[in-house]
Amino acid sequence: MQHFKPQSLTYFHISRPAPCPYLPGREEQMVFTDLGNHGDPNALHDRLSRAGFRRSQSIAYKPNCRHCDACVPLRVPVAEFSPSRSLRGDPDLHQAGLPG
């Protein structure tokens with residue numbers, strides 16, 4: 001039998017509904033947790049990111065909107081990613097440090 005460890009508990013919270021920043025006339029709501037309150041924040045972040053959570057500082061969050069599932073988490077395998085011509089933009093602008 002495994003002994004109880006208080007640091008192994010993870011508490012999740014629900015935000016209050018707020019205007020959706022992406023879709024006019026809709027509300028967003030988030031489920032979130034503070035990774036810093038967990039015994040192994042990196043392991044928790046790894047597990048949550050596989051479940052569609054995003055991270056900002058020590059907070060992991062995921063959309064939890066009623067009647068909407070338009071937000072889709074997307075993970076880009078960076079090592080395998082090759083931008084198309086339209087994504088590469090103007091190399092002269094990039095060298096100058098200007099947005100393309």
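Tutor: Let's start with surface patches, which are made of residues with over 30% relative accessible area and no salt bridge; like charges are joined within 9 Å, nonpolar side chains (Val, Leu, Ile, Met, Phe, Trp, Tyr) within 5 Å. Accessible areas come from the Shrake-Rupley method with a 1.4 Å probe, and for residues only the protein chains shown count as cover. In this predicted model, Leu74, Val76, Val78, Phe81 and Leu87 form a nonpolar patch on the surface, with about 570 Å² of accessible area together.

Student: Where does Val76 lie, and how accessible is Val76?

Tutor: Look in the loop between strand 6 (59–63) and helix 2 (85–88) for Val76; helices (H or I, at least four residues) and strands (E, at least two) are DSSP runs, numbered from the N terminus. Val76 has 47% relative accessibility, so Val76 counts as partly exposed (buried is under 20% relative accessible area, exposed over 50%, partly exposed in between).

Student: What should I know before reading any numbers?

Tutor: Residues are numbered from 1 along each chain as its sequence is written. Because the model is predicted, local features need pLDDT of at least 70 and side-chain atom pairs count only at pLDDT 80 or more, while totals for chains, interfaces and linings use all residues; side-chain values use heavy atoms, with hydrogens and water left out.

Student: Which parts of the protein have the highest and the lowest confidence?

Tutor: Here pLDDT is the predictor's confidence in each residue, from 0 to 100. The protein averages 81, and 80% of the residues score at least 70. Strand 2 (residues 18–19) has the highest confidence, at 95, while helix 3 (residues 91–95) has the lowest, at a mean of 60.

Student: How many helices and strands are there?

Tutor: You will find three helices and six strands. Reading from the N terminus, their order is β-β-β-β-α-β-β-α-α. As for burial, 15% of the 100 residues are buried. The protein exposes about 8500 Å², with carbon and sulfur atoms supplying 54% of that area.

Student: How many salt bridges does the structure hold?

Tutor: Side chains of opposite charge can pair when their charged atoms come close. The structure holds one salt bridge (a side-chain nitrogen of Lys or Arg within 4 Å of a carboxyl oxygen of Asp or Glu). Asp46 and Arg50 form that bridge, with their closest N and O atoms 3.2 Å apart.

Student: How are Asp46 and Arg50 placed in helix 1?

Tutor: Asp46 and Arg50 are four residues apart in helix 1 (residues 41–50), so about one helical turn separates them. Asp46 is partly exposed because its relative accessibility is 34%, whereas Arg50, at 65%, is exposed.

Student: Is Gln29 buried or exposed?

Tutor: Gln29 counts as buried because its relative accessibility is 11%. You can find Gln29 in the loop between strand 3 (27–28) and strand 4 (30–34). The side chain of Gln29 reaches the backbone oxygen of Ser15 at 2.8 Å. Leaving aside residues up to four places away in sequence, Gln29 touches Ile14, Ser15, Pro17, Lys62, Pro63, Asn64, Cys65 and Arg66 (contact means heavy atoms within 4.5 Å).

Student: What is the phi of Gln57, and what is the phi of His67?

Tutor: Gln57 has a positive phi of about 55 degrees, although Gln57 is not a glycine. His67 is also a residue other than glycine, and its phi is positive, near 65 degrees. Gln57 sits in the loop between strand 5 (54–56) and strand 6, and is exposed because its relative accessibility is 72%. His67 lies in the loop between strand 6 and helix 2; with a relative accessible area of 84%, His67 is exposed.

Key
Buried < 20%, exposed > 50% of the residue type's maximum accessible area, 1.4 Å probe, protein only. Polar contact = N/O pair within 3.5 Å; in protein donor to acceptor, adjacent residues only side chain to side chain.
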